[in-house]
Amino acid sequence: MTDDFITINTNPTATKVSLGEILQLVDENDPILRTVIGEFDFNDPSLDPQKISDDLTKTLKTHRAFGIAAPQCGLYHRVFVIGAEDSYITMFNPEILSVSEKQVHMPEYCLSFPFLELNISRPEHVTVKYQDVNGKEHIDRFVGITARCCLHELDHLNGQTFHKYAKPLALKNGLKKREKHIKQFARELVAQRRITNA
Ligand SMILES: [Zn+2]
């Protein structure tokens, strides 16, 4: 679990850096996904912001998603990570300062609801105030998918999921399609096992 270390350079005195561990995602019906998460307290000595960030980042990388919020992993911390490939940003206590009037309509997904695709509108730009792992405050402006990710993940910290933005018919169709995919997946898995056992 915690023995996942690398040495960051060849200097023998170099400190080892934890790359974090993979966290388990909570079930989609877990009440934490409908809970407003309180402010992260940087003065609480029992909390290790760096480890929380590392663990969330590793979990996000493992799932090859674009964003993950702590409550999706059962953690009552007001923090999320967005990113892809080698670029990740961890935002503690994020706050939306402004959003663009212009909206973009596109498909969206959520790690907590596999196979669910919903076409929803979100602002194209967003300006976010947040704290990094050291508690230092930043103000950044995000555009496009990064803006969408910030808004999606921030919703998780407020006990909201992306369902609420879908129009009733679109939501109904999305859920129906999802059920179909899940059933198909289960059928394919059973068929796969039969071949293996033959
Ligand atoms: Zn989500």
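## The pocket and its lining

Let's start with the lining of the largest pocket: by class, it has 13 nonpolar, five polar and four charged residues. This pocket belongs to a predicted model, and its volume is about 460 Å³. Of the 22 lining residues, Ala-65, Phe-66, Glu-108, Tyr-109 and Cys-110 are the closest to the pocket's centre.

Two elements give two or more residues to this lining, namely β6 (103–108) and α2 (145–157). Helix α2 supplies the largest share, with six residues.

## The sheet

Next comes an open sheet of five strands, in the order β3-β4-β5-β8-β9, with antiparallel pairing. Because β3 (67–69) and β9 (137–143) stand at the edges with a single partner strand each, one side of each has no neighbour in the sheet. On average, neighbouring strands are turned by 40° against each other, direction ignored.

For a closer look, follow β8 (residues 125–131), which pairs with β9 in the antiparallel sense over seven bridges. Thr-127 has Arg-141 in β9 as its bridge partner.

## Helices on the sheet

Helix α1 (residues 49–63) packs on the sheet and touches β3, β4 (79–84) and β5 (87–99). The direction of α1 makes about 45° with that of β4.

Helix α2 packs on the sheet too, touching β3, β4, β5, β8 and β9. Its direction makes about 155° with that of β4.

The protein chain averages a pLDDT of 90, and 89% of the residues score at least 70. Over residues 1–18, however, pLDDT stays under 50, and the model has 19 contacts beyond four places in sequence for this stretch. Where pLDDT is low, predicted coordinates should not be read in detail.

Key: Residues numbered from 1 in each chain as written. Predicted model: local features only at pLDDT ≥ 70, side-chain atom pairs only at ≥ 80, totals over all residues. Heavy atoms only, no water. pLDDT = per-residue confidence, 0-100. Contact = heavy atoms within 4.5 Å. 1 Å grid on protein atoms, 1.4 Å probe; cavity = no way out; pocket = protein on both sides within 12 Å on 5 of 7 lines; lining within 4 Å. Points joined across faces, edges and corners; volume = space filled by probe spheres on them. Helix = DSSP H or I, 4+ residues; strand = E, 2+ residues; numbered from the N terminus. Nonpolar A, V, L, I, M, F, W, Y, C, P; charged D, E, K, R; others polar. Pairing = 2+ DSSP bridges. Axes fitted to C-alpha atoms, helices over the stretch in contact; angles between N-to-C directions.
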